[in-house]
Amino acid sequence: MISVIMSVYNETVMQLEAAMDSILKQTLSVSEFIIVLDNPERKDLKITLKQYADRFNVIHLIFNETNIGLAQSLNLAASTAKCDYLARMDADDIAMPNRMEVEMAQLQDHPEWALVSGNINYIDENSDVIGEKSAIPENPRLISKILPLGSTIIHPTVIIKKEVFDQVEGYRLLPTAEDYDLWLRILDRGYCIGSVNTLLLKYRLRNNSMTADAWKTYVVSKYIQKLAKQRQLSGTDDFDRNQSIPVSLVTKINNEQFKKQFNLGQRYFTEGLSNLKEKRRLKGVAYLLKCTCTSKENRDYVWNYVKLRLKYLQFNN
């Protein structure tokens, strides 16, 4: 029933083996495990993949001749998949043994759901747990209200119906946040998106990966939200599949001054939330105000967070 799709690029052999082992040892076995090596220079990864494919018949390998990026590699894997469900996996994460079983049970209990995601904890380079993610929304109505403001769907935990993936033509070739674009396009087609607030994956943080591309992710996400508003008004958007994103956005992403100001504000934002969580409210609010003073993008970020929290509170009340 399940085709797992995964792209490999710059992971270590140890990380890759841990990721593959976690899929191969699921309590609910997968039918096929399609792995794309998107880095022709990594001979060590190629050797490891071939060794695993020789041992496990469910593994199917694709070796890209050139680097084509995550979105295109996942589309390539999905195009060869033969099962009704596609499960995402990243090559440096570790799936919990019951991940597939839990998520497929949710999809069978909720046949109207187009996809399901789960929750995670964070691990470091040595696979030691270094943090837990806060609770994620589970109700599809709440998710549909929150997604236009920001994603609560954790990409490498997702299982999606292949017919839905094919209908929206898979991932579009964005430089980041291609998953967020996919979720919004699925919502626009009238499908339900659900989540289960259960630990299903250990998500590896490498080289400050939570903040390294924060500025690029912010800029591209705002562009994705703009495209979603265009579709709501006219039924289509002006995304150019030949260009990926407008040149003006590329210029903005590469502006080091904007990036520096945004990252400074994000540090204040993180400190603010941490203080609020510890009930140091005045200090928390003070840091959030400092965040808004760094740039208009950070003002927008804080205001967007406030709107998201208000929607969450209104729904639960």
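Analyst: Start with contact: it means heavy atoms within 4.5 Å. Helices (H or I, at least four residues) and strands (E, at least two) are DSSP runs, numbered from the N terminus. The model is predicted: local features need pLDDT of at least 70, side-chain atom pairs count only at pLDDT 80 or more, and totals for chains, interfaces and linings use all residues. Residues are numbered from 1 along each chain as its sequence is written, and side-chain values use heavy atoms, with hydrogens and water left out.

User: Which residues does S221 touch?

Analyst: S221 lies in helix α8. S221 touches A177 and Y180, not counting residues up to four places away in sequence.

User: Why does S221 count as buried?

Analyst: Buried means under 20% relative accessible area, exposed over 50%, and partly exposed in between (1.4 Å probe, protein chains only). S221 has 14% relative accessibility, so S221 counts as buried.

User: What makes V220 count as buried?

Analyst: V220 is also found in helix α8. Its relative accessibility is 0%, so V220 counts as buried. Leaving aside neighbours within four places in sequence, V220 is in contact with L174, P175, T176, A177 and I253. The C-alpha atoms of V220 and D181 are separated by 9.5 Å, and these two residues are 39 residues apart along the chain.

User: Why are α8 and α10 called roughly perpendicular?

Analyst: Axes are lines fitted to C-alpha atoms, for helices over the stretch in contact, and angles run from 0 to 180 degrees between N-to-C directions. Angles under 35 degrees count as roughly parallel, over 145 as roughly antiparallel, 65 to 115 as roughly perpendicular and the rest as oblique. Helix α8 (residues 214–234) and helix α10 (residues 256–277) pack at about 100°, with axes 9 Å apart. Therefore α8 and α10 are roughly perpendicular to each other. A214, W215 and Y218 of α8 make the contact with F258, K259, F262 and N263 of α10.

User: How do the residues of that contact divide by class?

Analyst: Ala, Val, Leu, Ile, Met, Phe, Trp, Tyr, Cys and Pro count as nonpolar; Asp, Glu, Lys and Arg as charged; and the others, Gly among them, as polar. The contact of α8 with α10 has five nonpolar, one polar and one charged.

User: What makes α1 roughly parallel to α2?

Analyst: Helix α1 (residues 13–24) and helix α2 (residues 43–55) pack at an angle of about 25°, with axes 10 Å apart. That angle makes α1 roughly parallel to α2. On the α1 side, V13, L16, E17, M20, D21 and L24 meet D44, L45, T48, L49 and Y52 in α2. By class, this contact has seven nonpolar, one polar and three charged residues.

User: How do you know which strands β6 pairs with?

Analyst: Two strands pair if DSSP finds at least two bridges between them. Nine bridges join β6 to strand β9 (residues 192–204), and these run parallel. Two bridges join β6 to strand β8 (residues 159–161), in the antiparallel sense. Three bridges join β6 to strand β7 (residues 129–132), also antiparallel.

User: Which residues does L115 stand opposite?

Analyst: L115 stands opposite I193 in β9 and opposite I160 in β8.
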